[in-house]
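Student: Could you walk me through this structure? I have not looked at it before.

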Amino acid sequence: MTRTRRPLLALAALALSASVALPGSTAWAGPTLDAVKKRGELVCGSNPGIAGFGLPDDKGQWKGFDIEFCRAVASTIFNDPNKVRFTPLSAKDRFTALQSGEIDVLSRNTTWTQSREVGQGFEFGPVTYYDGQGFMVRKKLNVNSALELSGASVCVQQGTTTELNLADFFRTHNMKYESVVFATADEALKAYDTGRCDSFTTDMSQLYGERTKLGNPEDHVILPEVISKEPLGPVVRQGDDQWFNLVKWTHYAMLIAEELGVTKANVDEKLKDSNPEIKRLLGTEGDFGTGLGLGKDWAYRIIKNIGNYGEVFERNVGAGSKLKIQRGLNALWTNKGLQYAPPIR
Amino acid sequence: MTGFVRTAPEPTLPPPTASIGLVATLRDRLFSGPVASVFTLLGIVFLAWAIPPLVRFLVVDAVWSAPDGAACRAPGAGACWAYIWRKAGYFTYGSYPFEQRWRVDVVFAVGGVLIAWLLVRRAPWRGLAAALFFIAYPILAVLLLRGSAMLGLPVVPTDMWGGILVTLIMAVSGIVFSLPFGVALALGRRSALPIVRFFSIGFIEIMRGVPMITVLFMANLMLPLFVPESWAPDRLLRPLVGVALFASAYMAEVVRGGLQAIPKGQFEGAMALGLNYPQRMRLIILPQALAIVIPGIVNSFIALFKDTTLVAIVGIFDFLRAVDTARLDPEWAGPTITATGYVFAALFYFVFCFGMSRYSLAVEHELAKSRNR
């Protein structure tokens, strides 16, 4: 046996040295925008399935808030929201796919954290959705605020930051609670539905989706308090600033359009508008696209094909959808929200 | 003295009335003793407890047609078959473009005909069927599914494939590759050539020594980091190769079991006839060895078929993953949707696995004829 073991070891050593030596050759080749243009389509890392954010419809077409962001990027590059290919990625392989150059941009409810940005070589784009943990309770409990939940039992998924945030929140506010933990969100929801707990907690964006799974969604309310910070947004590789700018300004253009009342429906009319801010946005005055590697009409294309931020929000997760998520923190800064775009000038 | 000898046989009496008829059968089979009676009663109680709610959920209270999830969300509603019906297209094709789905249908139809042709043991020209299935069909399938500008078919990248299409691709290619690879590895493991033997043993033991999930992760996550982007194999091909190699290692051990069951005399007899190694294996040893291990081979196939669901964790939308994703649709989401989806998935896998198992039994019976003669 000893005779066969040696070559095996040598082989293992060889494999190991190869694996150490090769990653150097994986860096992307050339600026991302050129590669995307040459390929003729954007490759977007997407969510494998979260209601309202990224989900295939009956025909297998990807729909959702995060999906539309990618379509917006495709629109500004190609003037065609369909020139994008979605690669559904699990939480585990999303960063590898971005690192290896398999995708151009990751738009998949990824939380922006310090360690992810600093340690792993990614750039986090602007926050397209301010998420955070919230609570759902039965309407008949007559609870209007999470601060009234003292003594409540809370169904929560085990081993997630959700569980830790829950403990922090109740401790900070000196309230008693009983946490009932389950291995999966499905089980936790089921337990809540059968009356095992008074409340169910997870991230706000998912809370609304989970609510649709209940027998009578109208019997349940989502409390306004957000007890944790989960800023979600697109992610790109570090080192290609032009591409990073393009992704950033895709979001900002949609925000500015909402702020100025430019919508998918009236964008052609607004081309004639005399408001200088609208003129700069739609490219009828000045040239703000060249620096992004695009034409003057870079923002016009987004709004014409996709619409402004508010439209995308309402259509996918807001009043126009089954989820009925309130704008909350995602309202424009002019409406007491956090969505704020630097000016185009 | 002849008076004692019968000239005609005594007429046979009918069996005692206590040992024929329904009552006797029941007593004999179900209540033959106190222990049996207790178990029978327990069994009846269990069935009475389990069956009615199941039938009520799956059939009586089920919602057979509905425009959206509202009817399925009503209190007391059972399985939401309307939802399965609505999502059937997505379950079958995944994100494959709607207008191009006919291409998948063609691939399914041709594959179905060829497989049926191969499986019916009395069908004529099975050699032709085999040639078509193993050589022409994969080329046709790839050309049609992937598309090519030359044929005027728009290219559909594999990211968009999904559902039953991907499950069947995984299972069929895994099965088709694992058998010959497994046989080769089994022969290699018993080979007199040290390098061949060393390689076979190493491959089999390494593949069997790691969990399938590890193989899939390795194929999907590590490979792209080691090779330049343009070299990295397709996202669907990576797990496909991983699954096929993994299944081959198990298949090799099954086949080796069959080889070891062949008496030494068969090898020696074949040598005495002057046959060379390929001839000995092809004509004498393998037909016998494989016939012995049919249950093991089919067992591996069934395990492989179900293991294809693991590819979901590397982001491939196989059938189970499609079911799992579709239930999130807010149009339909409701308390019964998840259960309905999983019942449907269970039925799907059961039908295929049970079919394989029955077919293998039939083949076994037919091959056993020669031994029982």
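**Where the chains meet**

Tutor: In this model, 36 residues of chain B are in contact with 39 residues of chain A, where contact puts two C-beta atoms, placed from the backbone, within 7 Å of each other. The model is a predicted one, in which local features need pLDDT of at least 70 and side-chain atom pairs count only at pLDDT 80 or more, while totals for chains, interfaces and linings use all residues. Residues are numbered from 1 along each chain as its sequence is written, and chains are lettered from A and ligands numbered from 1 in the order in which they are written.

Student: Which helices of chain B supply at least two residues each of the side that touches chain A?

Tutor: Those are helix H4 (81-93), helix H8 (194-209) and helix H9 (212-226) of chain B, helices here being DSSP runs of H or I with at least four residues, and strands runs of E with at least two, numbered from the N terminus.

Student: And how do the residues on that side of chain B divide?

Tutor: They divide into 19 nonpolar, ten polar and seven charged, with Ala, Val, Leu, Ile, Met, Phe, Trp, Tyr, Cys and Pro counted as nonpolar, Asp, Glu, Lys and Arg as charged, and the others, Gly among them, as polar.

Student: New topic: how many helices and strands are in chain B?

Tutor: Chain B has 15 helices and zero strands. Its radius of gyration, taken over C-alpha atoms, is 28 Å, well over the 21 Å that the globule rule (2.2 Å times the number of residues to the power 0.38) gives for 373 residues, so chain B is more spread out than a compact globule. The C-alpha trace of chain B spans about 105 × 75 × 40 Å along its principal axes.

Student: Back to H8(B), at what angle does it pack with H10(B)?

Tutor: H8(B) and helix H10 (residues 237-261) of chain B pack at about 115 degrees, with their axes 9 Å apart; the axes are lines fitted to C-alpha atoms over the stretch in contact, and angles run from 0 to 180 degrees between N-to-C directions. The two helices are therefore roughly perpendicular to each other, a label for angles of 65 to 115 degrees, whereas under 35 counts as roughly parallel, over 145 as roughly antiparallel and the rest as oblique.

Student: What residues make the contact there?

Tutor: H8(B) contributes B:Phe203, B:Ile204, B:Met207 and B:Arg208, and H10(B) contributes B:Leu245, B:Phe246, B:Ala249, B:Tyr250, B:Ala252 and B:Glu253. The residues of this contact divide into eight nonpolar, no polar and two charged.
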